[in-house]
Amino acid sequence: MKERCPVQPWRRYVSVFLLLSTTVETVSAVTHYSIPEEMEEGSIVANLATDLGLDVKTLNKRKMRLDVVANKKYLDVNKETGELFILQTIDRENLCSSKTNCFLKLDATIENPLRMFNIELEILDINDNVPYFRRDEMHLDISESTAVGERFSLNNAVDPDVGTNSVKTYHLSESEHFNIEIQSGRDGSKFADLILKKALDREQQAVHNLILTAVDGGVPARSGTASIIVRVLDINDNAPKFDEDHYKIDITENSPIGSIVIKLNATDLDEGANSEIVYSYSLYTSEKTQDTFNLNPNNGEITVKEMINYEDFRIYHMEVKATDKGSNSLSGQCKVTILVTDMNDNHPEISIKSFQSPVKEDIAVDTVIAVISVSDKDSGENGIVEIHIDDKLPFTLKESSDNYYELVLSEPLDREKVPEYDITFTITDRGSPPLSDNDTRTLELLDVNDNVPQFPQSFYTIPVIENNAPGALLSSLTAFDPDLHENQYLVYFIIEKEIVNTSMSMLFSINPENGNLYALKTFDYEIEKEFLFHIEARDSGIPPLSSNVTVHIIIVDQNDNAPVIVSPWCVHGSVVEEKIPRSTDKGSMVSKVIAIDTDSVQNSRITYQFLQVTDATLFSLDQYNGEIRTMRMFSYRDQRYQRMVVIAKDNGDPALSATVTIKLSTVETDVKAFSDLTEVPLEYDIFSDLNLYLVIGLGSVSFLLLITILVTCVLKCQTTKPSKAAPPSRNSVISERNSTIADSTLVSNDAYWYSLFLAETRKGKLVVRQPVPKAGSRYIVSSIPRSTGLTETSESAASTLQGSTTTGSSSS
């Protein structure tokens with residue numbers, strides 16, 4: 001392109017583009033020139049004869065003429081000089097309206113021989129128009145409840161100029177509540193949105209007057225202004241809202257007038273007049289768009305108003321307002337983009353030649369899943385097709401040959417995470433606007449037994465109360481396998497484990513289908529306290545997969561054993577008889593009640609109480625160790641026979657108990673009969689005669705002397721030989737009962753039996769053997785053969801007691 005070169009102030013040459021020239025009879029080459037609009041009449045554009053290679057002297061003879069094609073004649077040719085000059089001033093805006101590029105097409109014809117030349121004259125825009133607004137005033141109604149940041153579309157300024165000479169930016173007068181944001185349309189036009197930057201308060205200021213200035217990009221720049229009147233409305237709770245903020249509609253050219261493009265729908269949550277909606281175009285919508293499409297204000301239906309020409313406009317932008325009929329109406333906006341498509345265009349086509357479905361989830365990476373071919377009947381850029389799928393899918397497309405592609409697996413598959421894939425093949429040509437097509441295929445995955453059954457827990461602790469009913473459900477041990485079909489069907493087994501020649505399958509049973517665990521027998525806590533075994537869950541896949549879980553069965557004790565009184569021993573329903581000297585000191589142990597309970601620690605804790613006692617002031621009972629002791633010395637006023645009923649009660653709920661009746665008699669001396677005789681005279685009146693006093697005094701002295709001698713003799717005779725094992729005690733308990741006990745061993749788990757005791761039986765002595773205390777210690781009560789003779793029995797008992805204690809300590 002040649003630089004513009006001025007010749008005279010009123011004459012200018014412009015750049016010339018010689019596109020093509022030939023030396024044939026009729027020339028079809030196009031000669032291109034560019035000139036600015038508004039050139040003065042007579043201005044020279046170029047020397048056409050020179051550019052076309054014609055002899056200037058022959059122009060008149062060959063009758064050269066210039067014809068304007070479908071336009072007014074703005075130029076002519078000087079046949080004397082061969083120059084192309086301006087015949088009439090050209091206004092680009094009148095000539096080409098809103099088109100960006102403006103061209104004048106002319107035909108230059110000469111005769112002898114006949115030749116025709118095509119000339120194209122491009123009219124360049126100059127900044128000769130001022131931006132202006134279609135409306136000098138823009139009225140906006142804004143609710144005071146409008147949130148900060150809300151935007152409002154303003155009427156855009158129009159500048160007939162194009163390019164850099166069109167509207168470039170907008171300015172808003174100073175305001176503390178508003179500012180503007182410049183937006184650009186697809187055609188390069190500039191729009192301004194009014195943005196609320198500070199909340200409005202109608203009570204403080206009801207109207208805001210703003211000035212919007214539009215400035216073009218010419219040199220020098222030109223500008224135009226419009227007034228914006230913002231009226232602040234009182235609160236109307238809900239503004240109408242469209243189903244979508246932006247609609248895109250494709251419509252073919254030459255659609256019949258009146259055909260429906262789209263039916264917009266806006267809703268308002270208010271009631272009455274506030275929910276009745278009127279649809280209208282906003283100021284954002286150009287006049288061309290409003291002339292082309294009709295908007296029904298009642299139902300929001302957009303229809304074709306005039307014939308649509310693809311070559312004139314391919315995209316229409318509009319903004320539709322939905323305004324309610326409330327006293328302070330609110331409105332909502334949506335943008336509608338209408339894409340005009342050429343009826344002669346051809347969409348690209350896709351063909352799935354092969355598609356494998358279903359496939360196993362363990363299929364190898366790089367396996368070909370499908371073969372696809374693409375085609376487009378168009379040519380050039382419009383016929384070049386590109387194909388793609390979603391990038392998030394574990395597949396890639398590889399081109400195998402011209403217009404053939406392979407869908408290849410790029411990542412390992414896992415059916416448990418994604419059971420199937422919807423693969424959409426999208427093809428797009430390179431046309432403008434591009435056309436596309438798609439085809440969706442579903443790839444199903446077949447299950448592979450690649451998941452081991454899983455239990456929710458790795459260890460189960462199951463408490464079972466003793467005396468349970470056989471066949472009772474203990475727990476449900478259910479595992480989960482995410483595989484499908486036979487790979488998911490689980491079978492449950494008890495892993496065999498023998499305990500004391502007893503198989504676990506004889507004690508427990510598990511339902512192989514649902515994992516329900518049952519007890520096959522009644523458990524006794526005193527015999528069996530816990531079981532530990534494993535449960536296996538195995539699927540039905542090939543090969544099968546399995547996992548196991550540990551089960552800990554804990555037998556929970558019930559208070560099902562009543563205390564057994566082992567000392568003093570007596571036949572059920574009989575009375576234990578004990579003797580004690582009347583001279584027993586205060587605090588001496590009269591007897592000791594010992595009971596044992598075979599239940600667990602809590603249920604076997606025993607306390608002792610008196611149910612009945614002849615004299616509650618004479619004896620005390622320790623509630624923990626069962627010792628019965630004297631609370632005071634015996635007096636001669638106390639009854640000779642004392643009867644005590646002692647109850648031994650365990651700590652269970654409900655509590656169980658056992659009782660023993662002890663009949664205690666005091667031992668008297670041999671002078672007791674004589675003492676009784678001497679008491680008879682006391683019943684007579686001793687104050688009848690003075691002499692009687694002397695007799696009574698002498699008799700009393702003699703009586704006391706005799707009693708002293710008798711008591712001394714009795715005590716001397718009753719003294720036994722001391723045992724080698726233990727020294728004699730002043731106050732000993734004499735047992736004269738003939739009770740029976742079987743030759744057996746009783747066991748207690750309670751550390752309560754800390755003391756040692758002896759109980760005389762017909763066959764032997766009972767001994768409690770006490771181990772060194774530690775967790776889980778057992779205290780054993782066993783029988784010992786009885787010796788003959790009181791002294792030998794004591795020695796034997798002491799010896800056995802000492803041996804039992806030693807054995808218990810060593811065993812612990």
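**Buried C334 and the protein as a whole.** C334 is buried, because its relative accessible area is 1%, where buried means under 20% relative accessible area, exposed means over 50%, and partly exposed lies in between, with a 1.4 Å probe and protein chains only. The model is predicted, and local features in it need pLDDT of at least 70 and side-chain atom pairs count only at pLDDT 80 or more, whereas totals for chains, interfaces and linings use all residues. Residues are numbered from 1 along each chain as its sequence is written, and side-chain values use heavy atoms, with hydrogens and water left out. Of the protein's 812 residues, 39% count as buried, while C713, at 41% relative accessibility, counts as partly exposed. The protein contains eight helices and 59 strands, which are DSSP runs numbered from the N terminus (helices H or I, at least four residues; strands E, at least two). It exposes about 44,700 Å², of which carbon and sulfur atoms supply 51%, the areas coming from the Shrake-Rupley method with a 1.4 Å probe and, for residues, with only the protein chains shown as cover. Among contacts between residues at least 6 apart in sequence, 65% join residues at least 24 apart, a contact being heavy atoms within 4.5 Å.

**The disulfide of C96 and C102.** The structure holds one disulfide, defined as a pair of cysteine sulfur atoms within 2.5 Å. C96 and C102 form this bond, with their sulfur atoms 1.7 Å apart. The torsion about the S-S bond is about 65°, and the disulfide is therefore right-handed. C96 counts as buried because its relative accessibility is 9%, and C102 likewise counts as buried, at 1% relative accessibility.

D437 belongs to strand β36, which spans residues 436-446. Because its relative accessibility is 31%, D437 counts as partly exposed. Although H347 is 90 residues away along the chain, the C-alpha atoms of D437 and H347 are separated by 6.9 Å. When neighbours within four places in sequence are set aside, D437 is in contact with P348, I350, F425, T426 and I427.

β37 and β45 (residues 546-556) run parallel and are joined by seven bridges, and Y460 stands opposite V551 in β45.

Most residues other than glycine have a negative phi, and most peptide bonds are trans. The peptide bond from N112 to P113 is cis, with omega near -5°, and P113 lies in the loop between β9 (103-110) and β10 (115-124). A cis bond with omega near -5° also leads from S567 to P568, and P568 lies in the loop between β46 (564-567) and β47 (575-581). N403 has a positive phi, near 65°, and sits in the loop between β33 (395-401) and β34 (404-409); its relative accessible area is 41%, so N403 is partly exposed. N467 also has a positive phi, near 65°, in the loop between β37 (459-465) and β38 (473-476), and N467 is partly exposed because its relative accessible area is 39%.

F191 and Y284 form a tilted pair, 4.9 Å centre to centre with 35° between the planes. Because F191 lies in strand β17 (residues 190-196) and Y284 in the loop between β24 (277-281) and α3 (287-292), the pair ties together parts that are 93 residues apart in sequence. F191 counts as buried at 10% relative accessibility, as does Y284 at 13%. F523 and F531 form another tilted pair, with 5.2 Å centre to centre and 50° between the planes, and both F523 and F531 are buried. Ring pairs link F508, F523, F531 and F533 into a cluster.

Key: Pairing = 2+ DSSP bridges. Phe/Tyr/Trp six-rings, centres within 6.5 Å; stacked < 30°, edge-to-face > 60°.
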